[in-house]
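Please keep the sequence and the coordinates open while reading.

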Amino acid sequence: MGRAWAAAVGVCLLLQAGCNSPEAAFHFNAVYAHKQSGVTKSQAKNVKEILIAQFGTPDEPAIPALPDLDVSTVISLDRLKMSAGPVERTDDTAPRRGLYREHCAHCHGVTGDGRGPTARFLNPYPRDYRRGTFKFKSTPVGGRPTHADLKRILVDGIPGTAMPSFKLLAADELESLIQYVKYLAIRGEVERSYILEIDAELEEEDLLLNVPGEDAEQVAEQVEVIQDITSMVLSRWANAAGQATEVPAHPVDDDKIASITRGRELFFGTTANCVKCHGDTALGDGQTTDYDEWTKEIDPTKPHLAAEYVALGAFSPRNIRPRNLRQGVYRGGRRPVDIYWRIKNGIEGTPMPAAPATLGSDDIWHLVDYVRSLPYEALSQARTSGPKFQRERN
Amino acid sequence: MTTPLTPQKPPLRATISSMRRASTYYLLLAALLVMLGGCGRGSSVAPKAEMDIAEAMRAALTVESGEDDSSAAVEQADSTGFATLKGRFLLDGSPPKMPLLPVKGDDVAICAPGGAPVFSNAIVVGKDGGLANVLLYVTSDIPDNWLHEADVATATATVDFDQKQCIFLSRVFAMRSTQTLKILNSDPIGHNTNITPKQRATPFNQTIGANSFALYTPGGEERAPFPVSCSIHPWMKAWMITRGNPYFAVTDKDGYFEIPRVPSGVELEFRVWHELPAYIESATLSGVPVKWPKGRMKISLEKDATVDMNVSLDAGLFN
């Protein structure tokens with residue numbers, strides 16, 4: 001009897017030893033491939049291999065070589081090394097490694113797909129970087145975040161979410177993590193573009209890159225397509241720095257009450273339309289049935305289709321809620337300039353639109369003033385006159 | 001004394017002991033299964049990447065691309081002039097029932113006047129089964145010098161895209177990526193237009209005040225249509241495509257389309273698309289069944305010809 005148990009335990013231990021830590025690998029974006037429908041298994045394998053050729057593996061990152069763009073101006077391989085790989089802190093004198101897996105991967109996942117082990121228990125879900133879409137930034141919709149934008153999120157965290165502040169990390173560690181997030185985003189965007197390319201152009205038996213293969217001419221053409229896509233993605237990141245929206249100074253007059261009153265008019269008016277989603281009381285209870293762009297990709301309004309994506313690893317869809325403006329919690333930062341950017345540019349990836357072009361910077365500042373006054377404004381006006389329920393004293 | 005040769009029950013203790021042994025084996029088996037189950041963490045969707053292939057690819061991708069661009073020097077047939085492609089799309093069979101749209105909120109009086117139910121216009125069938133909102137567009141590379149001067153003149157024109165009663169008036173809309181889109185709002189309430197291209201065109205999401213407009217410059221070409229929506233009224237939906245050439249059309253309410261000034265004497269590749277099946281892969285062209293893999297239709301027009309296409313699509317494609 002005892003022997004059988006010992007054997008059982010022994011076998012289990014042996015098996016355990018064999019599967020304890022599989023080598024970290026980037027996951028294929030099966031959800032997006034399913035969305036585009038026309039990607040076969042061998043094409044998916046081909047995409048994985050091309051991505052390894054260009055971007056390396058989680059343990060050994062690489063940056064793609066491009067003829068027309070110096071990639072090191074966007075991401076530096078030397079900087080990435082501190083964040084990549086398994087966590088290593090054996091020797092204080094040796095260079096640090098594995099920062100991403102130490103601080104980020106449990107929520108954002110090794111691939112940066114927002115599907116780390118803890119992700120499904122969080123609300124909102126952690127960001128999936130692979131669209132290249134980031135919400136809290138100084139650039140308009142379509143622009144990538146600037147280096148400073150990403151740094152601000154890392155340093156301050158995102159109030160009201162599970163994203164904490166990493167203010168205690170050393171400057172070079174922060175720098176490395178910012179670069180690593182860009183690296184994962186770029187890799188993910190390139191992967192999505194390859195999937196689109198396959199879906200739009202290739203027949204089932206064709207591959208994106210026939211290497212090893214004999215047809216040099218075909219390979220040359222394929223390499224050109226691949227480099228063209230990669231450089232399209234990278235140039236967006238390279239251009240981000242110059243795209244930050246300028247913030248003109250707040251109107252000079254000091255009458256804050258007048259500015260708040262004007263902001264209130266705009267909030268409820270049919271030009272800015274804030275009230276439509278944030279609600280009459282600004283509690284975020286207006287239009288609450290929409291979804292963010294990440295979720296829209298999995299057809300949330302058609303449960304039978306959404307279930308297919310969920311089976312492939314996507315999380316169950318949730319509606320996106322307009323912000324409750326009376327809490328005084330601002331995810332993208334509470335400085336006036338942060339709220340100015342949110343109103344002026346909108347929040348990319350969400351239903352929050354940019355302000356109409358007809359609203360000038362003064363009007364946007366009035367809205368900022370009103371929004372910032374909301375947590376301190378009484379929800380209803382206290383009665384100043386009327387019956388007094390006082391007990392009459394004899 | 002002899003014992004009769006009858007089957008004997010084993011003693012109770014032995015039975016329990018063998019049951020225990022069996023349960024140990026079951027436990028062991030269960031443990032094995034659990035362990036093995038825990039091992040299969042990798043994604044089974046795509047076969048594992050092979051590192052030696054990736055290495056070979058890295059070498060191929062690192063080679064400096066030659067200075068003299070050989071692909072530009074490829075001999076290409078030149079267009080001989082212009083032709084017109086026109087025709088009609090018909091739906092063969094009855095269209096699927098369109099779902100009722102969830103029109104709710106403060107703006108019901110504008111969006112559903114009189115409380116009338118609003119149905120999706122994903123499929124619109126007109127006179128005699130004519131199918132609206134089929135999109136055709138040329139995906140071949142078109143050199144600039146093939147363009148007719150009338151098309152050169154409109155390359156940077158402004159085109160209108162309107163919405164009224166919380167419906168985008170164009171369900172499917174095509175424009176040139178160099179043109180400017182004037183997004184009108186003909187309602188007395190605010191809208192916002194959320195344009196979400198997939199690759200090269202710029203995304204856009206701006207509030208448009210009541211009876212006002214916004215301007216959008218796509219700045220890039222897209223290969224497939226992408227959704228347009230309104231966040232204030234999430235049931236509003238349209239599709240858009242931005243193209244680098246002027247050769248596209250969307251069928252009108254009775255299924256008719258016309259693309260004028262198409263380069264002639266060269267084979268052109270069109271894509272045929274409708275939002276429900278996406279690429280239309282099978283059709284009946286003038287009575288003959290045809291296959292268009294991924295919506296690809298290849299056609300070569302003669303100079304000054306007007307080619308009339310009569311296309312019939314099986315209603316089963318739209319379910």
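## Salt bridges

Over all chains the count comes to 36 salt bridges, where a salt bridge is a side-chain nitrogen of Lys or Arg within 4 Å of a carboxyl oxygen of Asp or Glu. Side chains of opposite charge can pair when their charged atoms come close. This is a predicted model, in which local features need pLDDT of at least 70 and side-chain atom pairs count only at pLDDT 80 or more, while totals for chains, interfaces and linings use all residues; side-chain values use heavy atoms, with hydrogens and water left out. Residues are numbered from 1 along each chain as its sequence is written, and chains are lettered from A, with ligands numbered from 1, in the order in which they are written.

Within chain A, Arg130(A) and Asp128(A) meet through their side chains in a salt bridge of 3.0 Å, N to O. Arg130(A) is buried, with a relative accessible area of 3%, and Asp128(A) is buried as well, at 16%; here buried means under 20% relative accessible area, exposed over 50%, and partly exposed in between (1.4 Å probe, protein chains only). Within chain B, the side chains of Asp151(B) and Arg261(B) form a salt bridge of 3.2 Å, N to O. This pair links distant parts of the chain, with Asp151(B) in helix α4 (residues 149-153) and Arg261(B) in strand β14 (residues 256-264) of chain B, 110 residues apart; helices (H or I, at least four residues) and strands (E, at least two) are DSSP runs, numbered from the N terminus. Asp151(B) counts as buried at 5% relative accessibility, whereas Arg261(B) is partly exposed, with a relative accessible area of 29%.

## Charged contacts between the chains

Asp228(A) and Arg200(B) meet through their side chains in a salt bridge of 3.3 Å, N to O. That pair crosses between chains, from Asp228(A) in helix α9 (residues 216-239) of chain A to Arg200(B) in the loop between β8 (191-195) and β9 of chain B. Asp228(A) is partly exposed, with a relative accessible area of 40%, and Arg200(B) counts as partly exposed at 35% relative accessibility.

A network of salt bridges links Glu197(A), Glu201(A) and Glu203(A) with Arg223(B), Glu269(B), Arg271(B) and Arg296(B).

## Aromatic rings

Over all chains the count comes to 15 aromatic pairs, the rule being that rings of Phe, Tyr and Trp (its six-membered ring) pair if their centres lie within 6.5 Å, with planes under 30 degrees apart counted as stacked, over 60 as edge-to-face and the rest as tilted. Tyr125(A) and Phe315(A) form a tilted pair, 4.9 Å centre to centre and with 40° between the planes. Tyr125(A) lies in the loop between α6 (105-108) and α7 (147-156) of chain A, and Phe315(A) in the loop between α13 (303-311) and α14 (336-345) of chain A, so the pair ties together parts that are 190 residues apart in sequence. Tyr125(A) is partly exposed, with a relative accessible area of 23%, whereas Phe315(A) is buried at 12%. Phe267(A) and Phe268(A) form an edge-to-face pair, 5.3 Å centre to centre and with 65° between the planes; Phe267(A) counts as buried at 1% relative accessibility, and Phe268(A) is partly exposed at 31%.

One aromatic cluster is formed by Phe26(A), Phe55(A), Tyr100(A), Tyr180(A) and Tyr183(A). Charges also sit over rings, a contact that requires NZ of Lys or CZ of Arg within 6 Å of the ring centre and within 35 degrees of the ring normal. The charged end of Arg318(A) sits over the ring of Tyr125(A), 3.8 Å from its centre, and Arg192(A) lies over the face of Tyr32(A), at 3.9 Å from the ring centre.

## Helix α15 of chain A

Helix α15 (residues 361-373) of chain A has 13 residues, which at 1.5 Å a residue should span 18 Å, and its end C-alpha atoms are 18 Å apart, which agrees; the expected span is 1.5 Å times one less than the number of residues. α15(A) is mostly covered, with ten of its 13 residues buried, among them Trp365(A), His366(A), Asp369(A) and Tyr370(A).

## An open sheet in chain B

Five strands of chain B form an open sheet of mixed pairing, in the order β6-β12-β11-β8-β9, where two strands pair if DSSP finds at least two bridges between them. β6 (172-176) and β9 (204-208) of chain B stand at the edges, each with a single partner strand, so one side of each is left without a neighbour in the sheet. β6(B) and strand β12 (residues 237-243) of chain B pair in the parallel sense over five bridges, and in β12(B) the bridge partner of Phe173(B) is Met240(B).
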